[in-house]
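Visitor: Hi, I have a new structure open. Can you walk me through it?

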Amino acid sequence: YSYEEVVTQFVATLGRKTGATMMSIWPIVAFFLIAGHSVAGLDNGLGLQPPLGWSTLGQFNGNYTAQKVMDVAKFMNYSGMQVVGYRYINIDTGWWQGAGSGQAVRNSSGYLVPDKEKFPDGLKAVVDYVHSLDLKFGLYTSAGTHFCNGDKSASYGHEEKDCAMFAELGVDFLKIDACSTPAGQSRHLM
């Protein structure tokens, strides 16, 4: 599809779903048309557009479940947002066992444990569902000793274990905050 065809398909889908007319959404259409022709970059296939998507932080903060996340992924796939580049479903703060208690839970091998109430079938089931819709999955961590919500046992000192777990889950995008980085230590990213 050309960029113009994608925008036209998006406008048609938006109109069917919301009853919006071309006159009511022309500023959005104009933005997409102008933005689509003014972007320059390397010709290596990477970074052709920003990582557009949705995050639990904006809508649910820490109050989400696997089902809510999968429902949003299904909507993004069904609504036409995916056609115009919205491809990421990101789970932000609070996906680990013990979220909000002051201490994230790590198992005896040192891996973070996903919240069993939020993800009764495991976090991998959600990742696999998101991927089945041809979307990408993102997850949050902190490079410090604490997550930004104050929970201890963030990624600092656990980088290898956490990266191995993220890779095993099939995480495509990692949001890394630098909360509670120890004094005198450089703020490093994994």
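Guide: Here is a quick tour, from the whole chain down to single residues. This is a predicted model, where local features need pLDDT of at least 70, side-chain atom pairs count only at pLDDT 80 or more, and totals for chains, interfaces and linings use all residues. Residues are numbered from 1 along each chain as its sequence is written, and side-chain values use heavy atoms, with hydrogens and water left out.

Visitor: How many helices and strands are there in the protein chain?

Guide: The protein chain has 6 helices and 4 strands. Helices (H or I, at least four residues) and strands (E, at least two) are DSSP runs, numbered from the N terminus.

Visitor: What pattern does the chain follow along the sequence?

Guide: It reads α-α-β-α-α-β-α-β-α-β.

Visitor: And what share of the residues is buried?

Guide: Buried residues are 35% of the 190 in the protein chain. Buried means under 20% relative accessible area, exposed over 50%, and partly exposed in between (1.4 Å probe, protein chains only).

Visitor: Let's zoom in. Is strand β3 largely enclosed or open?

Guide: Strand β3 covers residues 136-142. Of its 7 residues, 6 are buried, so the rest of the structure largely encloses it.

Visitor: Which strands pair with β3?

Guide: Strand β2 (residues 88-91) is joined to β3 by 4 bridges, and the two run parallel. Strand β4 (residues 173-177) also pairs with β3 in the parallel sense, over 5 bridges. Two strands pair if DSSP finds at least two bridges between them.

Visitor: Which residue in β3 is opposite Asn90?

Guide: Asn90 faces Gly138 there. On the β4 side, Tyr140 has Lys175 as its bridge partner. Thr141 is bridged to Ile176 in β4.

Visitor: What do β2, helix α5 and β3 make?

Guide: They form a right-handed β-α-β unit, with α5 at residues 123-132. β3, helix α6 (residues 159-169) and β4 make a right-handed β-α-β unit too. A crossover is right-handed if, with the strands pointing away from the viewer, the path from the first strand over the helix to the second runs clockwise.

Visitor: Tell me about α6. Which residues in it are buried?

Guide: Asp162, Met165, Phe166 and Leu169 are buried in α6. Seen down the helix axis, the buried residues of α6 fall within an arc of 100°, so they line one face. That arc is taken from the directions from the helix axis to the C-beta atoms.

Visitor: What covers them?

Guide: The cover for the buried residues of α6 includes α5, β3 and β4. Contact here means heavy atoms within 4.5 Å.

Visitor: Which residues are exposed on the other side of α6?

Guide: Glu160, Ala167 and Glu168 are exposed there. Just after α6, Gly170 takes a positive phi of about 95°.

Visitor: New topic. How many disulfides does a search of the whole structure find?

Guide: The search finds 1 disulfide. A disulfide is a pair of cysteine sulfur atoms within 2.5 Å. Here Cys148 is joined to Cys179, with S to S at 1.7 Å.

Visitor: Where are the two cysteines of the pair?

Guide: Cys148 is in the loop between β3 and α6, and Cys179 is in the segment after β4. They are 31 residues apart, so the pair links distant parts of the chain.

Visitor: What is the handedness of the Cys148 and Cys179 link?

Guide: The link is right-handed, with 85° about the S-S bond. Cys148 is partly exposed at 38% relative accessible area, and Cys179 is partly exposed at 23%.
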